[in-house]
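Student: I've just opened this one and want to get oriented. Let's go through it piece by piece.

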Amino acid sequence: NLSNKQGQPIINLEKVSRELVDDETHLLEYFLGEEKSYLWVLSPDGSLMNYVLPPKKVVESKVLSYYEMLTTPKLRGRPKKTSAAGKELSNIILGEVINEIKGRRIVVVPDGILHYLPFSSLPKPSEQTVVDDSFSKRRLARYMVPLIRDYEVINIPSAALLLDARENQSQVEQTYPEKKVAIFSNPIFSHKDQRMKNILDDSQINFQTEAFYNSLPGTLQEADKIADSLQSHEVDIFSGFEANRERLMSRDFSSYPILHFATHGVFNELSPLRSGFLLSVFDKEGQVKTNLIRAEDMPNINFDSTELVFLSSCRTAVSNDTNNEAVSELMKSLITTGVDRIIASLWSIPDERATIELVGEFYKYLFSKDVSNSPASALRKSQLSMWSDPQWESPYFWAAFTIYGDWIDISRNPLN
């Protein structure tokens, strides 16, 4: 039995092996300890290997170093140093096991600060990058080839949580959705938004309407990119005043296997349960409305037919607690309330063009008529496409988006 930190049995190892691991999948679970850290690897044949890693402080230091090289503006333009930091970390947390992984999929159960780590971007341990003509215009690729070249990488909060979610979903009556995607984009956050013109006058502007977030017109292009991948009758776009909390909470979304939110993410360090994402703060009459969607709201939304929630928002995947459960309450709540899988972000990406490009590529692969792609496979291919483009090759532009949850469909017809 796998145990929790109090030594109480959580789940039977044989059940995990039987239901979560297949010929293409290895399950990697980490534990960061003060004196020693550990990595357990469950292989397709059911064997469990145990690897001893450096103490928590050492791992944290290496993760922070690599994370800063990826995300800090003055550092992320240094390919040699980024590659060196990535290889050093990769050798520590994957070095002993990577050559044992023969399948195409790695499922990671992180611990602590590892929740902040985009495993998909890590270079393969000890691999010597071969510089050839195809890399001549790509600064980083000359020194560093990411793990997703060879593997799908999926995160899960815990094996127990995923098993419970699969069991619950197997009891849900199979449905055949009429639509494919519902998109919430470009909400209204401020009285200064052009769409508020002639709705509010100066006498109605007060402290409640002053401090809201900037508008996101680029998310309309993001929605259009998604729509381009589908037939017009298969997608509904809710933008502006229509992208509101009341619509999300009251409407039946059981006819959509995918919900896509292109908006601002909010992280509340003092009150993590109040973290989430934002919808429109004004209605058409100019009245201020509650617009924060939090973890506690998830049980009130019908997710019975939801195969994917795509949170195209800043830092929706993690909390600020690197000592305990760093995965966000929003993520856990989505999985426990019936969502099969979630794509969310590890950091903010100020360049909207990069997100629009990645989202467009993702849905292009997901709804390809030529090749059937799971969401995990579509994300991998879209990230590889970004990595292959000299303009977007830096992991900063594509590695923030991570997929969490199930990698197979167990109870309903596939998305395609």
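**Around the chain**

Student: Which residues is aspartate 406 in contact with, leaving aside its neighbours within four places in sequence?
Tutor: Leu162, Arg166, Asp340 and Arg341. Contact here means heavy atoms within 4.5 Å. Keep in mind that this is a predicted model, where local features need pLDDT of at least 70 and side-chain atom pairs count only at pLDDT 80 or more, while totals for chains, interfaces and linings use all residues. Residues are numbered from 1 along each chain as its sequence is written, and side-chain values use heavy atoms, with hydrogens and water left out.

Student: Is aspartate 406 buried or exposed?
Tutor: Aspartate 406 is buried, because its relative accessibility is 6%. The cut-offs are under 20% relative accessible area for buried, over 50% for exposed, and partly exposed in between, with a 1.4 Å probe and protein chains only. In the fold, aspartate 406 sits in the segment after β16 (401–405).

Student: OK, and the chain overall: how many helices and strands?
Tutor: There are 11 helices and 16 strands. Of the 416 residues, 55% are buried. Among contacts with a separation of 6 or more, 73% join residues 24 or more positions apart.

Student: What's the average pLDDT?
Tutor: The chain averages 82, and 83% of the residues score at least 70. pLDDT is the predictor's confidence in each residue, from 0 to 100. Residues 410–414 fall below 50, yet in the model this stretch has 20 contacts beyond near neighbours in sequence. Where pLDDT is low, the predicted coordinates should not be read in detail.

Student: Back to β16. What does phenylalanine 401 touch, not counting residues up to four places away?
Tutor: Phenylalanine 401 is in strand β16, and the list includes Phe310, Leu311, Ser312, Ile343, Ile349, Leu379 and Gln383. Phenylalanine 401 counts as buried because its relative accessible area is 4%. Phenylalanine 401 and serine 312 are 89 residues apart in sequence, but 8.3 Å apart C-alpha to C-alpha.

Student: How many cavities of 30 Å³ or more are there?
Tutor: Eight. On a 1 Å grid over the protein atoms alone, a cavity is a set of points where a 1.4 Å probe fits but cannot get out; a pocket is an open set with protein on both sides within 12 Å along at least five of seven lines, and lining residues have an atom within 4 Å of a point. Points are joined across faces, edges and corners, and the volume is the space filled by probe spheres set on them.

Student: What lines the second largest cavity?
Tutor: It has 16 lining residues, with Ser120, Val153, Gln383, Phe401 and Thr402 nearest the centre. Two or more residues come from each of β7 (152–155), α10 (375–387) and β16. The largest share, four residues, is from α10. The space is about 110 Å³.

Student: And what about the second largest pocket, which residues lie nearest its centre?
Tutor: Thr263, Ser312, Cys314, Ile349 and Thr355, out of 19 lining residues. That pocket holds about 280 Å³. α6 (218–228) and α9 (352–366) each supply at least two lining residues.

Student: What do the buried residues of α6 pack against?
Tutor: They pack against β8 (181–185), β9 (235–239), β10 (258–262), β14 (308–312) and α9. Those buried residues are Gly218, Thr219, Glu222, Ala223, Ile226 and Ala227.

Student: Switching to rings. How many aromatic pairs?
Tutor: The count is 17. Tyrosine 38 and tryptophan 40 have ring centres 5.9 Å apart and planes at 20°, so they are stacked. The rule takes rings of Phe, Tyr and Trp (its six-membered ring) with centres within 6.5 Å; planes under 30 degrees apart are stacked, over 60 edge-to-face, the rest tilted. Tryptophan 392 and phenylalanine 397 are edge-to-face, 5.1 Å centre to centre with 80° between planes.

Student: Is tryptophan 392 buried or exposed?
Tutor: Buried, since its relative accessibility is 5%. Phenylalanine 397 is buried too, at 14%. Tyrosine 38, by contrast, is partly exposed at 24%, and tryptophan 40 is partly exposed at 29%.

Student: Which residues do ring pairs link into a cluster?
Tutor: Phe184, Phe238, Phe253, Tyr256, Phe261 and Phe277.
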